[in-house]
Amino acid sequence: VQLQASGGGLVRTGGSLRLSCAASGSIGNISSVHVMGWHRQAPGKQRELVAIISNIDSINYGDFVKGRFTISRDNAKNTLYLEMNSLKPEDTAVYFCSAYARVGGIFSNYWGQGTLVTVSS
């Protein structure tokens, strides 16, 4: 299972970024993945949930999102997205793509390598 995250970068306060997570390998098509999501980890802090989407399109966001971010997926491209608007300096973190998927008959958590988002004030 490979989860390749991209789209991070440096942006000013109030700006926008779109993160992508391309899934490949034995995970199959992401439409059947039980849950996919984005987490983030800021320096010196624990990893926290940003957003998750289930295979029945149930979506949940971290409390701090407050309508600024949108998670979505393109099944044809096998890619998960996170559209981030109204970015704040406190959104600075490494963002990780995740998948809770059944592979080989076993449910496991899978993680991508992370993409760095830096929001300047």
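Predicted model: local features only at pLDDT ≥ 70, side-chain atom pairs only at ≥ 80, totals over all residues.

Biologist: What makes E1 and strand E3 a pair?

Modeller: Two strands pair if DSSP finds at least two bridges between them. E1 and strand E3 (residues 17-24) have five bridges in the antiparallel sense, so they pair by the rule of at least two.

Biologist: And what is a strand, and how many does the protein have?

Modeller: Strands are DSSP runs of E with at least two residues, and helices are runs of H or I with at least four, numbered from the N terminus. The protein has eleven strands and zero helices.

Biologist: Why is one side of E1 and of E7 left without a neighbour in the sheet?

Modeller: Four strands form an open, antiparallel sheet in the order E1-E3-E8-E7. Strand E1 (2-6) and strand E7 (69-74) stand at its edges with a single partner strand each, so one side of each has no neighbour in the sheet.

Biologist: Why is Asp-91 called buried?

Modeller: Buried means under 20% relative accessible area, exposed means over 50%, and partly exposed lies in between (1.4 Å probe, protein chains only). Asp-91 has 1% relative accessibility, so it counts as buried. Asp-91 is found in the loop between E8 and E9. Of the 121 residues of the protein, 41% count as buried.

Biologist: Which residues is Asp-91 in contact with, leaving aside its neighbours within four places in sequence?

Modeller: Contact means heavy atoms within 4.5 Å. Asp-91 is in contact with Arg-40, Arg-68, Phe-69, Ser-86, Val-117 and Val-119. Asp-91 and Arg-40 are 51 residues apart in sequence, yet 8.7 Å apart in space, C-alpha to C-alpha.

Biologist: What makes a group of residues a nonpolar core?

Modeller: A nonpolar core is a set of buried Ala, Val, Leu, Ile, Met, Phe, Trp, Tyr and Cys residues joined through side-chain atoms within 4.5 Å. The largest one here has 32 residues, and Met-36, Trp-38 and Phe-69 are among those touching the most other members. Its largest share, six residues, comes from E9.

Key:
Residues numbered from 1 in each chain as written. Heavy atoms only, no water.
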